[in-house]
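Let's take a walk through a protein structure together, one stop at a time. Keep the picture open while you read, and look up each residue as we get to it.

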Amino acid sequence: MIGGLFVYNHKGEVLICRLFRDDLTRDAVNAFRVNVIHARQQIQVRSPVNLIGRVSFVHRKTDGVWLVAASRKDANAAAMVEVLRRIAITMHSYFGKLTEEAIRSNFVLIYELLDELIDFGYPQLTDPSVLKTYIMQSGVKAVTQEEQKQITSQVTGQISWRREGIKYRRNELFIDVVEHVNLLMSAQGQVLSAHVAGRVLMKSFLSGMPECKLGINDKLSLRDGTRTAVGSGVGGGLDDGKPTRVSVAIDDLQFDQCVRLGKFETEHAISFIPPDGSCELMKYRTTSDIKLPFRVIPLVREVSKSKMEIKVVLKADFKPNLIGQKIEVRIPVPPHTSGVSVICMKGKAKYKSGENAIVWKMKRLAGGKEVQCSAEVDLLTFGNVANRKWNRPPVSINFEVPFAPSGFKVRYLKVFESKLNYSDHDVIKWVRYMGRSGIYETRC
Amino acid sequence: MTDSKYFTTTKKGEIFELKTELNSDKKEKKREAVKKVIASMTVGKDVSALFPDVINCMQTDNVELKKLVYLYLMNYAKSQPDMAIMAVNTFVKDCEDPNPLIRALAVRTMGCIRVEKITEYLCEPLRKCMKDEDPYVRKTAAVCVAKLYDMNPQLVEEQGFVELLNDLLSDANPMVVANAVAALSEINESKPLIEVNSQMVNKLLTALNECTEWGQVFILDALSGYTPKDEREAQNICERISPRLAHANAAVVLSTVKVLMKLIEMLPADSDFIASLTKKLAPPMVTLLSAEPEIQYVALRNINLIVQKRPDILKQEMKVFFVKYNDPIYVKMEKLDVMIRLAQQSNIAQVLSELKEYATEVDVDFVRKSVRAIGRCAIKVEQSAERCVATLLELIQTKVNYVVQEAVVVIKDIFRKYPNRYESIISTLCENLDTLDEPEARASMIWIIGEYAERIDNADELLESFVDGFHDENTQVQLQLLTSVVKLFLKRPTDTQQLVQRVLSLATQDSDNPDLRDRGYIYWRLLSADPAAAKEVVLAEKPLISEETDLLEPSLLDQLVCHIGSLASVYHKPPSSFVDNTKAPLRQLQPNAAALATNGSSTGMDMDSAPGLIGVPSVGGAAGGAVPSQDTLIADLLQLDMNPMGGVAAPAAPAAAHVAAPGGGLDDLLGLGGGPSYGAAPAADPMAAWGMAPAAAAPAPSGGGLNDLFGLGGPGSPSLGGMLGGGGQQGYQTPKALWLDAATHKGLQVEGAMVRKNGAIYMEMAITNKAMQPLSDFAIQFNKNSFGLVPAQPLHIAAPVFPNQTTQVSLQLATNGPVQKMEPLANVQIAMKNNVDVFYFATIVPMLVYFAEDGLMEKRDFLELWKEIPEANEQQFTIANVRNLSADDICAKLQANNVFTVARRSVDGQELLYHSIKYTNKIVVLSELKISAASQSLTLSLKSRHQTALVSLEEVYQKIFDN
């Protein structure tokens, strides 16, 4: 149970203060400001959960705005963190950004929203698309009684995320599979940890209340066969443990609220009634058999106290007919760098002194290619910075590739709508795969 | 158009201006004005003066305006209760509005107006809304019941709202069910009104699949309080909730983990079901680590618990806890903790190379922790010790100051664990002697020198260099230096005699630290009396240090596992340590205490046993009220407020400076200062208190509190009123009650009872150790109480209580302590200390232990007194004579409990018995018992000069008769 919710600007001035419970007073508002925002040594306040006096504060800070939830009870901390995130998302969705200016300009709306989001400290509705059905930015629309009833039954109902009676002339459906590849590689080229965090984003323009079913090439086994293969996956017959690119071993799955979790558990079928418009249908994580799109080989040689040589080789490790885009390699240099001369085979490389890094950018790079960038770094040999040890941050890279590095595939997506007369064949479906860099680092 | 302009008005006549605007005829202007008021309220300005004007705007069709007015009302209704009544009509009307959103708004706001007077008017509309046809209104009404309960629990019970809530559990709408569960759980927390049964659980499990994510959290949290009947039911619940592990909301996932962790305990440990369930648990937790940092932090704190409870769940997942360069520092620190817990032989190589990497990072705290972690790996995985030591040596070569210091500290532990293996590196350590400037590192280095004095050729020179600056060192270093020099002397007595004498005199004569002086004297006497014995004591074989450090107590761990996902699991503290459960703390006692304290001497050690009851105006119906929960007690004693660190540090005397916070609280408990302010209390003369400390007491690290305890608990003359009545027959004795629960008190469990035997009061305790370490250094102290009950001698427990052992103790008590009237009368607040911590509890002492043995009165005196006491002071009760005791039986029974028969007579078939009681504080109570042959019950009349003395005496009689 949340006792109160506060929003401060970066100076610690209160922008929003809403107390849900009697056991909190405005003293708590000040306590947080004094002990956390104005803490003389920021170093002391190192965690997002703090106990001050007998009041617990959970906070998150974005764009100079502090969002704080406070409680005097042994409340659910995970829920408090999650609620703050939802509040941030809701505000974003209502007025685009979460800045001091935006909050001051919309404070009446925010109070109104908070009333719906949280009642007596219990989170209620945190889905902006639902909230938008009855809380508008420009006052309340005059609605008929029928419509009011529909709103209330929708926001509290079983399928709160979709209203009845949606009609489209063309039934269309877009699926984006977006994967973030995370890698930590040692300087010797050994993979320390790698995982793919994938998301299936769906944008649907479908009439009525369509029942959808998604098929994916999951190996239907978490690790070593805890889940026995139900139904006939593509990977059936191959479950003697030999991984193939035909199926992927998914470590963990998370679904949007519209997916029937019980059905997934028993039949291993992903079935749902999608919200109108876009939604994040599922998230998944894989760790085995990841096709790492790029390989970075850094070579750092400290020639002398005043000179350093860096060479970075970048290999594109995918099919030659595919093209990687928006490639950016960030090569760190010491803070006491005085000058850098860079030569690269492809793209542009620049030394950015403010970021203590050489940034090497390429718009496109085809698969199978290998490119190289070398730099000579001059170092200052006097002053404070020079004496401090430099701990070589890792080389990181950003990219975009047009395939799913985990091997994840959508096998089918079927749409059933029994009441309206359109069938699965009439729906136009689009699927797109995209691999992006998460935290993709190689130590040097 | 934006609303930000409302924040900018700062003119002087602002309030007046707003007033006119609020009363304006133009709707638009009115709305603007209300917005300005809300803006002022937000920044903390007091706009309560505008209450009537804002309330006037309430009757409007504009929903936005209505919401704003309601918001204002919620904030200020409490300060203007009379005015708030004006709003009631509008609420009642709004609850009938055709628009369900308005109805819900009214019901929601109603509950937030915390004015006692209003609550009654709200029952009817609320009842109607709970049966509203619209689910949105019903779900809001369900929460409103919780609001009402928070304000007026009695009303909620009387009006049958709990039953209505229970009905809502069967509602067709899942969100209504979820909110009803949330409200019921909260009500049940303070008073169990509805029992969670398997039927209800079934309903909840059905609703779980359909309701919103937050509803799922409420339901799962409610389920965690339910204990299934048998294995099958437990397994069934597991199966039905485990799909929730795939939910995108972290709170749902963690709440599911909580319920599963609890249910796993109920299932047979080696079943296949458990194996498959534990496999399912790992992936969702790992996934939480790719969420945003705040969630990662909460998840990691919980994973730390889970790893301790069930290490196999995550044993394969070491890699995901590797620290990323961009992780926020709080995530890094937590990951490091989990890594060490998961370290084992199979993965130690990887862990070590990671740790080495971290030891070169920038953040000082993180680097230190990494270095320490390397040491912990060495101790935990024996095979890796060699590599760890090598790594530490490499790190020492970096000469980074804090890395070296940290490394020295952990190397000391490695020496402890593997003696005679790595001593070859001592020379390297000695090279870095000069760079050590932190107490812990210096102390560690000194320990190493002392321990291996025979192998370090210049050990005497090295130690001597430390001794030169003896007085500038921290206590920790001084103590270590003292011990090490003595060790050196015992190993090389020929050339170090001078050094040891110098140190001993420094410690005993020039130091004002009692710990140091005590230790110095002990060594000195040992050395002068019997050097051989000294050798055996000082150079004794040391016990092995445990492999796992920082493990939580098993009982605390079990408790925390039941709170996964909550704040308690983030702090790793039991909820009772940071939550006030009772709403109104004991504040009202304060003035009373202060008043009494001024009567007594400043130390509060007033030996005069003048009846404390007289000094206090009698409180009507004082029997009410329960024993204050332990937490309010502590909170009260420590006078905690928002800024605990500032408040407690008041004692200025340097020697007392390291008396920790609990010690400060103790002072108050002892009645040293009498009043709530600390200023005067400990400043009295700390040295005096120290001086009284028994020399033999082992200097515990937090010795402050201990010595205070001893100092004050000194043997007073136990008032053994008279040994007349005591003898063969034992009186009624209360059974032992649980005073301290192991789960919440670091493994210390105390059950006890106050009894009177042989003319004295005894406190009989069974002390059970459920912690992992032996408990020792027990001491006890009583707060001032109604009868001046204090220990007659210090609590003496000869041997430490070892884990899972129970010791029976009987402590004699006296009634000559400081007196202060307590509420309830027989309540006594007690502080108990051991080598771990100080614990507080309160207990109701059975009144009859205060009945003195010299209570028999002369008939004549009795008669005179009976007449003298006014009728108003007489109380009559009816007591059931269940056992059908005869008059003789009754007299015998009462006699055994020091209730003395003065006279008996028979009138009209009724037997009349006259008894007298004398409390230890010399207050006399007279009683008359009527026994009629016809009826089963007895009529008891009690008389005393002091009405308070009669409180709950009839219960005492009843107990005696029933026994």
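Before anything else, you need one term: pLDDT is the predictor's confidence in each residue, on a scale from 0 to 100. You need it because what you're looking at is a predicted model. For chain A, the average pLDDT is 84, and 89% of the residues score at least 70. One stretch of chain A calls for caution, though: across residues 221-245, pLDDT stays under 50. The model still shows 35 contacts beyond four places in sequence for that stretch.

Now have a look at chain B. This chain has 963 residues, and 57% of them are buried. Its secondary structure comes to 42 helices and 13 strands. How far along the chain do its contacts reach? Take the contacts in chain B between residues at least 6 apart in sequence: 67% of them join residues at least 24 apart.

Next, let's see how the two chains meet. On one side there are 94 residues of chain A, in contact with 109 residues of chain B. Together the chains bury about 9100 Å², and 57% of that is on carbon and sulfur atoms. Which three residues of chain A supply more of its buried area than any other three? They are R46(A), R54(A) and D74(A), with 9% of the area that chain A buries against chain B.

Helix 2 (residues 77-95) of chain A brings 9 residues to the side that touches chain B, the largest share. That side of chain A is made up of 40 nonpolar, 23 polar and 31 charged residues. The salt bridges between the two chains number 9. You can look one up: R443(A) pairs with E354(B), and their closest N and O atoms are 3.2 Å apart.

What's behind such pairs? Side chains of opposite charge can pair when their charged atoms come close. Over all chains, the structure holds 73 salt bridges.

Let's visit one inside chain A. K326(A) and E400(A) form a salt bridge, with 3.5 Å between the closest N and O atoms. K326(A) sits in strand 16 (residues 323-332) and E400(A) in strand 21 (residues 395-401), so this pair ties together parts of chain A that are 74 residues apart in sequence. Are the two partners buried or exposed? K326(A) is exposed because its relative accessible area is 57%, above the 50% cut-off. E400(A) has 17% relative accessibility and so counts as buried, since the limit for that is 20%.

Chain B has its own examples. K332(B) and E361(B) make a salt bridge at 3.3 Å between their closest N and O atoms. This pair links distant parts of the chain, 29 residues apart: K332(B) is in helix 19 (residues 329-342), while E361(B) is in the loop between helix 20 (348-358) and helix 21 (364-380). Both residues are buried. In another salt bridge, E853(B) meets R756(B), 2.6 Å from N to O. Here the partners are 97 residues apart, with E853(B) in the loop between strand 8 (838-844) and helix 40 (859-868), and R756(B) in strand 2 (residues 748-757). E853(B) and R756(B) are buried as well. Salt bridges can also join up: R368(B), R372(B), E406(B), E438(B) and E440(B) are linked in a network.

We'll finish with two single residues. D94(B) belongs to helix 6 (residues 88-94) of chain B, and at 5% relative accessibility it counts as buried. Beyond four places in sequence, D94(B) is in contact with K66(B), Y70(B), I102(B), R103(B) and A106(B). With Y70(B), its side chain makes a side-chain polar contact at 2.5 Å.

S48(B) is found in the loop between helix 2 (27-42) and helix 3 (51-56) of chain B. With 14% relative accessibility, S48(B) counts as buried. Its side chain makes a polar contact with the side chain of D46(B), at 2.9 Å. Setting aside neighbours within four places in sequence, S48(B) is in contact with Y72(B), Y76(B), S79(B) and Q80(B).

Terms used
Residues are numbered from 1 along each chain as its sequence is written. Chains are lettered from A and ligands numbered from 1 in the order in which they are written. This is a predicted model: local features need pLDDT of at least 70, side-chain atom pairs count only at pLDDT 80 or more; totals for chains, interfaces and linings use all residues. Side-chain values use heavy atoms; hydrogens and water are left out. Contact means heavy atoms within 4.5 Å. Buried area is the accessible area (1.4 Å probe) that two parts lose on being put together, summed over both. A salt bridge is a side-chain nitrogen of Lys or Arg within 4 Å of a carboxyl oxygen of Asp or Glu. Helices (H or I, at least four residues) and strands (E, at least two) are DSSP runs, numbered from the N terminus. Ala, Val, Leu, Ile, Met, Phe, Trp, Tyr, Cys and Pro count as nonpolar, Asp, Glu, Lys and Arg as charged, and the others, Gly among them, as polar. Buried means under 20% relative accessible area, exposed over 50%, partly exposed in between (1.4 Å probe, protein chains only). A polar contact is a pair of N or O atoms within 3.5 Å; within protein, one must be able to donate a hydrogen and the other to accept it, and residues adjacent in sequence count only if both atoms are side-chain atoms.
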